[in-house]
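Here is a model to read closely. Look it over before going through the questions.

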Amino acid sequence: MIHIHEKTLQDLEFSVVLQQVSELCVTPLGNEKALQISPYKTKEELLVSLQLTNEYLSSFYNDNRIPNHGFDTITKELKLLRIENTYLDVHGLKKIVSISITVNAIVTYLKKFHEYYPNLSEFASHIEVTKLIIGKVDSIVDRFGDIKDNASTLLLDLRQTINKIKGKINASFSSALNMYHNLEYLDDIRESVVENKRVLAVKAMYRRKVKGAIMGGSKTGSIVYIEPETTLQYSRELNNLEYEEQEEVIRILKEVTNYIRPFLPLLQDYQSFLIDIDVISAKAKYAKSMNAILPEFSENKSMYLRDAYHPLLYLNNLEKKEKTFPQSIKLKEDSRIIVISGPNAGGKSITLKTVGLLQVMLQSGMLIPVHERSNVCLFDRILSDIGDNQSIENHLSTYSYRLKQMNYFLKKCNKNTLFLIDEFGTGSDPELGGALAETFLEEFYHREAFGIITTHYSNLKILANELPHMLNANMLFDEKTLEPLFKLVIGQAGSSFTFEVAQKNGIPYSLINRAKKKIERSKVRFDATIAKLQKERSRLEKTGQSLKLNEKKKLEEADKLEEINIKIQKKLESYQELYDSNQRLIYLGQKVNDIAEKYFNNKQKRELMAELFKVVQIENSKRKKVSAKQQKATKAKEEQVKKEAEKKVEVIRKKKKAEKLVAERNRSEKPKPTLKPGDRVRMHDGRAIGSIDKIEKNKAVVNYGVFTTNVSLEQLELVEAKK
């Protein structure tokens with residue numbers, strides 16, 4: 001039986017996680033239930049819950065999205081169904097129809113895609129799919145939420161009579177309106193509406209001359225509102241009919257409610273099912289927001305959290321667009337307890353809380369943000385002592401409180417326990433507190449409990465070094481700046497960098513030296529050695545990361561070049577095929593041209609046909625027999641290559657055209673020189689250069705040596721002016 005203490009959940013801020021999950025629910029009842037999530041009591045229940053969330057998460061990444069599960073709460077309707085002789089209003093019936101349709105859609109869908117969602121399908125298998133409720137309500141309620149006229153014969157008769165009476169009211173009112181208007185008894189506005197009834201706007205002086213019921217008057221008293229006598233009779237009849245109609249509507253609603261009443265247990269199941277789906281969906285959305293997964297469960301008592309993120313820190317940093325540093329931590333039977341040491345603000349407590357919170361989340365049926373190669377196990381109990389727990393209410397100091405906690409730990413600690421203690425042993429005399437802490441740690445160790453502690457005490461670091469199934473660990477720091485690198489390193493204790501940090505913060509060197517003399521020389525040497533080793537490890541870690549990054553970049557570049565090379569090779573092959581094909585067609589064209597020219601000269605048809613037949617036979621002898629499908633594929637490929645080539649040719653043509661236009665524009669922009677006899681010139685689109693003999697009427701006689709020609713001056717450009 002699994003039991004996780006409320007104090008542990010509080011220490012690890014599990015309630016903040018639940019608040020974030022509840023905000024992802026789409027219904028108020030789902031929101032309430034999400035806030036009540038707690039660790040499961042049995043492994044069987046937990047595994048089912050994890051599988052349900054994992055399957056729902058997978059629906060976000062495939063084409064088979066689970067239908068929407070939003071619904072309006074029917075708690076009030078369920079209460080009414082438990083009470084005899086009550087009836088549901090139309091709005092309540094519509095909500096019941098809506099929830100029935102939603103559940104039917106989800107259950108049917110999960111059944112259909114059983115292979116994709118086996119656990120969700122099994123989870124929904126006890127829910128009965130029925131359209132009886134939907135059919136019954138739809139038979140009496142229309143899509144606008146009104147009772148249909150044909151819901152009963154009596155209701156149809158009543159509504160038809162009501163419509164006739166309304167017609168008579170309108171007719172009698174119009175008649176009275178025209179009559180009194182002609183008698184000039186009415187005000188300019190003629191009519192108004194009082195208590196949802198049409199009334200005549202009668203001038204106050206004529207109110208006794210108009211027969212009917214006075215319904216009110218204007219604020220000034222100049223107008224009296226009167227319902228005509230004839231209309232009044234019909235109105236009374238209408239009131240009676242509307243009362244009967246309302247009675248019939250209530251009778252119909254009672255009948256439908258009595259029909260639905262036996263389905264009460266099913267409707268309760270519907271609502272509970274949708275609340276559960278809402279919570280599962282919220283857990284899946286929360287998992288998606290931090291790339292969480294369902295890690296593999298270890299068969300033995302061991303856990304390995306690789307690249308584990310603290311959920312709250314990760315989401316907070318994501319919002320601020322800041323980097324979050326993941327941690328990798330391993331606990332197994334031959335390394336059950338990890339002692340993390342090192343200076344403050346290096347991330348020791350966050351590492352501790354990350355492990356604890358992820359374990360609590362996992363045991364509450366939630367996916368966790370770790371690498372897919374991680375593996376996990378379950379603990380029957382998780383004990384924690386994190387933060388300053390000074391109790392004002394109980395008049396306890398921090399140390400007294402912590403001793404009470406340790407006493408509780410000693411009662412509950414066993415091989416199925418995970419304990420998490422921050423700043424172990426603090427709150428009392430360092431020597432005495434350290435000794436007591438060491439004794440506690442030895443006791444936890446001998447009980448084979450699993451745990452992570454953070455400490456500054458050297459004796460605890462030494463103990464971790466001496467005991468075979470206990471490990472030291474430290475948080476890396478930059479060797480020069482002493483800035484934290486937020487990376488946990490297993491296997492070595494961390495220096496507190498006490499004197500280094502003091503020096504960095506401007507404490508005079510003389511004071512630091514005096515402090516060093518006051519403590520045992522061996523303690524300083526021990527701390528200095530640890531600090532030196534830690535700096536060395538930090539340097540190696542950075543070098544290793546840099547090398548890995550460079551290697552990754554080189555591999556990526558090599559892959560890209562290989563891909564480009566393959567593409568170029570394919571393009572060259574395609575263009576070669578197109579070129580060969582075009583060359584063959586040019587050769588054929590030349591052949592046919594030669595035969596045509598021969599026929600043109602000798603007019604020998606027989607010879608022409610023989611030559612053409614010979615050409616066709618030669619060509620066909622080169623062809624390979626292929627299926628229509630292969631031929632089509634080859635043709636399509638050739639067409640594609642041809643199109644690509646044409647596109648590129650078109651681009652070149654456009655480029656050349658643009659260059660030509662620019663050249664012409666430049667020519668037109670330059671002031672045109674005045675041409676005169678003796679100038680050396682050429683035509684704009686020609687290459688031959690001649691000299692002008694004479695100019696007459698915008699035309700020049702250009703002498704090219706062999707011949708002369710008349711050319712318009714507009715077509716000529718100056719090459720060299722006459723000297």
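The questions and answers below concern this predicted model.

Q: How many helices and strands does the chain have?
A: The model is predicted. Both kinds of element occur in the chain. The count is 21 helices and 19 strands.

Q: What share of the residues of the chain count as buried?
A: Buried means under 20% relative accessible area. The chain has 723 residues. The share that counts as buried is 38%.

Q: What percentage of the accessible surface belongs to carbon and sulfur atoms?
A: The accessible surface of the chain comes to about 44,000 Å². Carbon and sulfur atoms account for 52%.

Q: What part of the contacts with a separation of 6 or more comes from residues 24 or more positions apart?
A: Consider the contacts in the chain with a separation of 6 or more. Residues 24 or more positions apart account for 68%.

Q: At what angle do the axes of helix α3 and helix α11 cross?
A: Two packed helices are described by the angle between their axes and the distance between the axes. Helix α3 covers residues 28-35, and helix α11 covers residues 264-289. Their axes come within 8 Å. They cross at roughly 60 degrees.

Q: Is the crossing of α3 and α11 left-handed or right-handed, and which residues of α11 make the contact?
A: α3 passes α11 in a right-handed crossing. From α3, the contact uses Leu 29, Gly 30, Lys 33 and Ala 34. From α11, it uses Gln 271, Ile 275, Asp 276, Asp 278 and Val 279.

Q: What distance separates the C-alpha atoms of Tyr 599 and Met 609?
A: Tyr 599 and Met 609 are 10 residues apart along the chain. Their C-alpha atoms are separated by 9.8 Å.

Q: Is Asn 85 buried or exposed?
A: Most residues other than glycine have a negative phi. Asn 85 is not a glycine, yet has a positive phi of about 65 degrees. Asn 85 is found in the loop between α5 (75-82) and α6 (90-112). Its relative accessible area is 66%, over the 50% cut-off, so Asn 85 is exposed.

Q: Where is Asp 307, which has a positive phi of about 50 degrees?
A: Asp 307 has this positive phi although it is not a glycine. Its relative accessible area is 30%, so Asp 307 is partly exposed. Its place is in strand β6, residues 303-308.

Q: How many salt bridges are there?
A: A salt bridge needs a side-chain nitrogen of Lys or Arg within 4 Å of a carboxyl oxygen of Asp or Glu. By this rule the count comes to 14.

Q: Which residue forms a salt bridge with Lys 95?
A: The closest N and O atoms are 3.5 Å apart. The pair links distant parts of the chain, 18 residues apart, with Lys 95 in helix α6 and its partner in helix α5. Both residues are buried. The partner is Glu 77.

Q: What is the N to O distance in the salt bridge of Glu 191 and Arg 198?
A: Glu 191 has 28% relative accessibility, so it is partly exposed. Arg 198 is partly exposed too, because its relative accessible area is 29%. Their side chains meet with an N to O distance of 3.0 Å.

Q: Is Asn 317 buried or exposed?
A: Asn 317 lies in helix α12, residues 311-320. Leaving aside neighbours within four places in sequence, Asn 317 is in contact with Glu 322, Lys 323 and Thr 324. Its relative accessible area is 8%, under the 20% cut-off, so Asn 317 is buried.

Note on methods:
Residues numbered from 1 in each chain as written. Predicted model: local features only at pLDDT ≥ 70, side-chain atom pairs only at ≥ 80, totals over all residues. Heavy atoms only, no water. Axes fitted to C-alpha atoms, helices over the stretch in contact; angles between N-to-C directions. Helix = DSSP H or I, 4+ residues; strand = E, 2+ residues; numbered from the N terminus. Left-handed = near helix turned anticlockwise from the far one by under 90°. Contact = heavy atoms within 4.5 Å. Buried < 20%, exposed > 50% of the residue type's maximum accessible area, 1.4 Å probe, protein only. Areas by Shrake-Rupley, 256 points an atom, 1.4 Å probe, with all protein chains shown as cover.
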